[in-house]
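Let's take a walk through this protein together. Have a look at the sequence and the fold, and then we'll go through them piece by piece.

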Amino acid sequence: MADTNKPHAKPLVVELRPGNHAICTCGQTGNAPFCDGSHGGSDKRPEIVDVDTMPMNFAWCTCQNSDKLPRCDGSHRQLWDDPSKPPMKPE
Ligand code: FES
């Protein structure tokens, strides 16, 4: 049974307004969830998210264990139950 007292690396949920947004995929940005150029020197590039007309909520993965980076896929919920996963980043 999972210890519900342990913290989880929850996603950062932001509202994206219509337009193009450069979303960080490297996890190093200082302006999460948006790319600030910190990926420089790596092979990572931001994902451009184009929001048409209606604002949308975007759940940015903070644990870097999502299979759908930069989007949260719920993998953070299993970090504490699977010791083989790498340590999570601070919230
Ligand atoms: S800062 Fe992370 S992709 Fe640009």
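Of the contacts in the protein with a separation of 6 or more, what percentage comes from residues 24 or more positions apart? It's 54%, where a contact means that two C-beta atoms, placed from the backbone, lie within 7 Å. Before going on, some housekeeping: this is a predicted model, in which local features need pLDDT of at least 70 and side-chain atom pairs count only at pLDDT 80 or more, while totals for chains, interfaces and linings use all residues. Residues are numbered from 1 along each chain as its sequence is written.

Now for the overall layout. The protein has zero helices and four strands, so reading along the sequence gives β-β-β-β (helices, H or I, of at least four residues and strands, E, of at least two are DSSP runs, numbered from the N terminus). Of its 91 residues, 20% are buried. Here's how that word works: buried takes 20 or more other C-beta atoms within 10 Å of a residue's own, exposed takes 12 or fewer, and partly exposed is in between, with C-beta atoms placed from the backbone.

C24 counts as buried because 25 other C-beta atoms lie within 10 Å. Leaving aside neighbours within four places in sequence, its contacts include T29, F34, C35 and P70. P70 sits 46 residues away in sequence, yet the C-alpha atoms of C24 and P70 are 6.8 Å apart.

C24 also belongs to the largest nonpolar core, whose nine residues are A9, I23, C24, C35, W60, C61, C63, L69 and C72. Such a core is a set of buried Ala, Val, Leu, Ile, Met, Phe, Trp, Tyr and Cys residues joined through C-beta atoms within 7 Å. Within that set, C35 touches C24 and I23, among others.

Next, the backbone. Most residues other than glycine have a negative phi, and most peptide bonds are trans. Here, a cis bond joins A32 and P33, with omega about 5°, and P33 is in the loop between β2 and β3. Another cis bond links L69 to P70, with omega about 10°; P70 lies in the segment after β4 (56–60). Q64, also in the segment after β4, has a positive phi near 65°.

Finally, visit L16 in strand β1 (residues 12–16). L16 is partly exposed because it has 18 C-beta neighbours inside 10 Å. Among the residues it touches are V49, P55 and F58.
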